[in-house]
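Happy to walk through this one with you. Let's take the labels one at a time and check each against its cut-off.

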Amino acid sequence: MSDPITLNVGGKLYTTSLATLTSFPDSMLGAMFSGKMPTKRDSQGNCFIDRDGKVFRYILNFLRTSHLDLPEDFQEMGLLRREADFYQVQPLIEALQEKEVELSKAEKNAMLNITLKQRVQTVHFTVREAPQIYSLSSSSMEVFNANIFSTSCLFLKLLGSKLFYCSNGNLSSITSHSQDPNHLTLDWVANVEGLPEEEYTKQNLKRLWVVPANKQINSFQVFVEEVLKIALSDGFCIDSSHPHALDFMNNKIIRLIRYR
């Protein structure tokens with residue numbers, strides 16, 4: 001048996017064998033470790049590859065077993081496909097294509113459920129009336145909460161490309177605040193009359209925008225209209241059997257389904 005080989009892939013270390021790295025001779029790794037291509041070394045003498053270190057584990061496991069093993073909640077298929085293209089492991093590229101077809105079929109039928117809550121609370125803030133002269137003021141503020149669940153991770157990604165939080169003068173996708181690929185919880189406020197812009201940042205009050213329309217969402221009616229536009233364009237339709245029509249009209253519960 002050959003001695004173990006340690007790779008430094010984008011700063012992450014992996015230890016494997018020469019036989020594993022050359023298991024697909026026509027790949028870039030096969031060429032690198034058969035002497036057909038030069039290799040770089042880091043300061044510790046490890047072979048260095050300037051690529052993504054996190055997803056390399058899946059590539060290395062494929063070299064070991066010739067089988068694609070991914071966790072059920074794997075969310076970096078695009079990155080893994082690009083890395084497989086770089087390393088030119090053709091059987092892995094084909095396995096990824098088959099996996100994407102499988103995921104696409106599973107995504108065709110989907111359910112979307114949204115529960116909405118709204119409350120009014122008082123916000124206190126200071127107003128600068130003149131240099132070194134401030135007064136305390138308060139105003140009513142509408143606070144919105146939306147719990148969104150969908151069996152389609154791809155739809156929630158689509159939603160995340162349309163809806164953005166506005167905080168500290170910057171826009172950030174709603175999905176950047178989520179850890180669960182099937183679930184989103186949104187909390188935002190409507191514009192508050194008389195509230196200085198800096199107070200939104202100071203009090204961590206997020207507003208919600210829809211792009212590319214660049215429209216601020218100041219009511220549940222607008223939120224529902226925008227979400228329905230996005231969902232209907234993606235093949236969803238309203239589930240007439242649930243929820244109760246009164247709940248739907250009152251913007252409390254929205255349930256949509258998709259059959260393809």
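Q: Where is the place of A190?
A: A190 sits in the loop between β9 (183-189) and α7 (197-202). Helices here are DSSP runs of H or I with at least four residues, strands are runs of E with at least two, and both are numbered from the N terminus. A word on the basis: this is a predicted model, in which local features need pLDDT of at least 70, side-chain atom pairs count only at pLDDT 80 or more, and totals for chains, interfaces and linings use all residues. Residues are numbered from 1 along each chain as its sequence is written, and side-chain values use heavy atoms, with hydrogens and water left out.

Q: Why is A190 called buried?
A: Buried means under 20% relative accessible area, exposed means over 50%, and partly exposed lies in between (1.4 Å probe, protein chains only). A190 has 5% relative accessibility, so A190 counts as buried.

Q: Which residues is A190 in contact with, leaving aside neighbours within four places in sequence?
A: They are E142, F144, Y200 and N218; contact means heavy atoms within 4.5 Å.

Q: What makes β9 an edge strand?
A: β9 pairs on one side only, as does β12. The open sheet has 5 strands in the order β9-β6-β5-β13-β12, with antiparallel pairing.

Q: How do you know that β6 and β9 pair?
A: Two strands pair if DSSP finds at least two bridges between them. Strand β6 (residues 133-150) is joined to β9 by 7 bridges, and the two run antiparallel.

Q: Which strands does α8 lie across?
A: Helix α8 lies across β5, β6, β9, β12 and β13, running at about 140° to β5.

Q: What makes K229 and E226 a salt bridge?
A: A salt bridge is a side-chain nitrogen of Lys or Arg within 4 Å of a carboxyl oxygen of Asp or Glu. The N to O distance for K229 and E226 is 3.5 Å, so the pair meets that definition. Both residues lie in helix α8 (residues 220-233), 3 residues apart, about one turn of the helix.

Q: How many salt bridges does a search of the whole structure find?
A: The search finds 7. One of them joins the side chains of K54 and E76, at 3.6 Å from N to O.

Q: Why is K54 called exposed?
A: Its relative accessibility is 55%, so K54 counts as exposed. E76 has 28% and therefore counts as partly exposed.

Q: What makes β2 and β3 the edge strands of their sheet?
A: The sheet is open, with 4 strands in the order β2-β1-β4-β3 and mixed pairing. β2 (12-16) and β3 (40-41) each pair on one side only.

Q: How do you know that β3 and β4 pair?
A: β3 and strand β4 (residues 47-49) have 2 bridges and pair in the antiparallel sense. In β4, F48 is the bridge partner of K40.

Q: Why is N46 called buried?
A: N46 has a relative accessible area of 15%, so N46 is buried. N46 is in the loop between β3 and β4.

Terms used. Axes fitted to C-alpha atoms, helices over the stretch in contact; angles between N-to-C directions.
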